[in-house]
Amino acid sequence: MIQLFDQTTVLDGAQILFADEAKARGMDLDAARANTLARRILAAHNNAPATDATLRLRFDALASHDITYVGIIQTARASGLTEFPVPYALTNCHNSLCAVGGTINEDDHLFGLSAAQKYGGIFVPPHLAVIHQYVREMMTKCGGMILGSDSHTRYGALGVMGVGEGGPELVKQLLGKTYDVPAPQVVAVWLEGTPAPGVGPQDVALAIIGAVFKSGFVKNKVLEFMGPGIDGLSVEYRCGIDVMTTETTCLSSIWRTDGKVRQYLALHGREQDFVELALQGPACYDGLIRVDLGKIEPMIALPFHPSNVFPVAEVARRADEILAAVDAEAVQQFGEAGKSLNLRGKIRDGGVWVDQGIIAGCAGGSFENISLAAAILDGKSTGNQAFSLSVYPASEPQALALVRNGSTAKLMAAGAVLKNAFCGPCFGAGDTPANGALSIRHSTRNFPNREGSKPSGGQLSAVALMDARSIAATAARGGRLTPATDLDWKSPELNVDLDYRFEPVIYQRRVYNGFGAPKPETPLIFGPNIADWPEMSPLPQHLLLQVASVITDPVTTTDELIPSGETSSLRSNPLKLAEHALSRKDPGYVGRAKAFQTLEKARLKNPADPELLARVREICAPCGGQSEMEDLFAGPRPLENIGLGTTIFAVKPGDGSAREQAASCQKVLGGWANLAVEYATKRYRSNLINWGMLPFVADADLAKDLRVGDYLVIPNIRKAVEEAHPAILACLVHENGEGGQRKVRAEQIGLSLKELTDDERRIILDGCLINFYNSKRPL
């Protein structure tokens, strides 16, 4: 089904050659390496000399949704923003239906509209389209690059390299700066064969994710889709695979383009944006994923990650064994609350019964997916028991097309509920299942509590990812888990690239498009919840950090660092949102961080405070005798040079969302660093840096002895960052108060910051990106 080749690979027409064979044929691998689509597009957008290992990219367009754009614009205007230099779409697809907080959601939308008017942007009102569907329909140009403040920024199937990053990276683009990244490796994805009827794009995507995620096979690399299997796939099918490549942890993706892509753009009135992207001679890749589409089965990603993948038929066949493993994981993650999930209780009458089905968003809500789901459910019933089915078309133009082709009527007659364009099912706002329920969703993620349940309140439900076709097949059986290939149904003669009719008037009448025509006199409209970022200090000479949280899970998602769902309604108020940091993973974190932050506030208020100085000396005393500590208390007012803050340890933090709040909330609470064995994604590490936090890498053994309440003393850290020291020595102080006696011991540990660019070092030294842009200080 899927084969992975971790070796240099050359594609030469229809031939796949490995390095030795290619060299034997006289091929120049260095020249062939430059011939990949990805490297050609990156080279066209690179502003650094071709000899530099670091790319400095400028993008053709930007896109944000309402969870992130207020913070982006607030950061940019604090850094000197005058006008948007490229098309920038502000969409409103994430929190529109979340009532938490009263007026604050619509307040943010009014802020977004006024910003689009003032700076020359594009404003897409709520309910018209989810972010990525709008970009697909209106902004993609073959050979281009688009940067979005959402992790699923993927438009490769339309010939555009999309990159999802935290908001500060968009701020840099708005200020005319560059996106700096080491030149990525490129992995070919060779598609061959034809999917069986009933096998959809989510099935293909989940199969690929399951094959590559755990090994990190494509982490921070670019996936380039090639092969004869592409020809038989509609553009929407390709987009459905492509958008899920985010869950492989790759950096971006790109596909070859053909007449179907030309036709797609022509249907949307943009045929002039088509360029044929094809290999021009042999192309050399850093690895190969070979996919036989004909062998892909309907797949399911069980809780609690998109990589927890099985064939649907296998889950039905081995239900007790497989679901027992998920139940055990729930107890491991949530303790007593985890026992309420009991997925084995879903096994009855010889099958597995689910409680809810959702088809939605940038992954599931396409015209093709929903049309085929309607065909499967035509004349059938979803039943009148606990199972329910909700369907969200990804845009209003698609919703209108589904009305016109009869799909909406078929779904409604079957008992499905049709809703408007909204990202809620993807991030936990709306359609939250009942306690103990299992929801099957054609959406992007199934992280813990991504569906909106609250284990701290005794609630726990879960999501499994499936394709719309198998969700419809399951709905047709009243909730009994069913792969679409097992159902007797007639696939309609649907040619989505021909049958779909796009109605542009919907956007023409409601979308504000002010690119190139800013109105600087327009005042920004601030709701009462929109707050400026608090003042942030430059990096001190030395740091004393308290370990405020220790997370030993193999991977920590951004949802666990800052929850999605209703807390996101506080997205525009840094102080209020920070109150929810790590609330699902470590509810005591905020209190511990704020308690130590009071010491830093006292230090800044009175650097000569004798009681505080005595406390700091007491903490650092076990580190005495180490030469690196000699400068710690130098000078008449040593507290002026010793910053007090917090850090967290996680084995591999940052999988998932691009939301910069996962980092900024820690900074608002006094965080100065993360300790990690590795970072799950580039975007999370970038977010730490852009908020002035040190992305330390530590030895894996550190977690064995690390405890909440330990202290990390890092002398001369400012000098180490300024001079780009490859290794940084620190002192770890362990305090143990068991038995009523305070026992203290210290050990020297080595830390690394890995490859920081000059600008990244300057940002950390200045304390955050805002300070960096307002500082004239040379390095």
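The legends below describe close-up views of a predicted model.

**View 1. Helix α15 and the helices around it.** Helix α15 spans residues 396-404, and its buried residues are Pro397, Gln398, Ala399, Ala401 and Leu402. These buried residues pack against five named helices or segments: α6 (131-138), α9 (235-242), α14 (367-377), α16 (407-414) and α20 (505-510). After α15 comes Gly406, which has a positive phi near 90°.

**View 2. Strands β30 and β31 with helix α26.** Strand β30 (residues 671-676) and strand β31 run parallel and are joined by four bridges. Ala676 has Val697 of β31 as its bridge partner. Together with helix α26 (residues 682-690), the two strands make a right-handed β-α-β unit. Strand β31 (residues 694-697) is covered on both faces. Leu694 and Phe696 are buried on one side, and Pro695 and Val697 are buried on the other.

**View 3. Helix α29 and what covers it.** In helix α29 (residues 758-766), the buried residues are Glu760, Arg761, Ile763, Ile764, Leu765 and Asp766. The cover over these residues includes α7 (167-174), α26, β31, α28 (717-722) and α30 (769-774).

**View 4. The largest nonpolar core.** In soluble globular proteins, nonpolar side chains tend to be buried together. The largest nonpolar core here has 124 residues, and those that touch the most other members are Tyr134, Leu191, Ile289, Val291, Ile300, Leu302 and Leu481. Helix α8 (residues 201-212) supplies the largest share of this core, seven residues. Tyr134 is in contact with Ala89, Ile122, Val124, Ala129, Met139, Tyr507 and Val511, leaving aside its neighbours within four places in sequence. Another core, of 53 residues, lies apart from the largest one; among its members are Ile72, Tyr88, Ala116 and Leu288.

**View 5. Phe111 in helix α5.** Phe111 lies in helix α5, which covers residues 104-119. Its relative accessibility is 0%, so Phe111 counts as buried. Leaving out residues up to four places away in sequence, Phe111 touches Val70, Ile73, Gln74, Leu524, Ile525, Phe526 and Ile530. Phe111 and Gly527 are 416 residues apart in sequence, yet their C-alpha atoms are 7.5 Å apart in space.

**View 6. Aromatic pairs.** A pair of aromatic rings is described by the distance of the centres and the angle of the planes. The structure holds 15 aromatic pairs. In one of them, the ring centres of Phe367 and Tyr500 are 5.1 Å apart and the planes are at 50°, so the pair is tilted. Phe367 belongs to helix α14 and Tyr500 to the loop between α19 (496-499) and α20, so the pair links parts of the chain that are 133 residues apart. Both of these residues, Phe367 and Tyr500, are buried. The rings of Phe772 and Tyr773 also form a tilted pair, because their centres are 5.0 Å apart and their planes are at 55°. Phe772 and Tyr773 are both buried. Elsewhere, Phe84, Tyr88 and Tyr119 form one aromatic cluster.

**View 7. Lysines over aromatic rings.** Lys221 lies over the face of Phe217, at 5.7 Å from the ring centre. In a second case, the charged end of Lys667 sits over the ring of Trp672, 4.6 Å from its centre.

Terms used. Residues are numbered from 1 along each chain as its sequence is written. This is a predicted model: local features need pLDDT of at least 70, side-chain atom pairs count only at pLDDT 80 or more; totals for chains, interfaces and linings use all residues. Side-chain values use heavy atoms; hydrogens and water are left out. Buried means under 20% relative accessible area, exposed over 50%, partly exposed in between (1.4 Å probe, protein chains only). Contact means heavy atoms within 4.5 Å. Two strands pair if DSSP finds at least two bridges between them. A crossover is right-handed if, with the strands pointing away from the viewer, the path from the first strand over the helix to the second runs clockwise. A nonpolar core is a set of buried Ala, Val, Leu, Ile, Met, Phe, Trp, Tyr and Cys residues joined through side-chain atoms within 4.5 Å. Rings of Phe, Tyr and Trp (its six-membered ring) pair if their centres lie within 6.5 Å; planes under 30 degrees apart count as stacked, over 60 as edge-to-face and the rest as tilted. A charge sits over a ring if NZ of Lys or CZ of Arg is within 6 Å of the ring centre and within 35 degrees of the ring normal.
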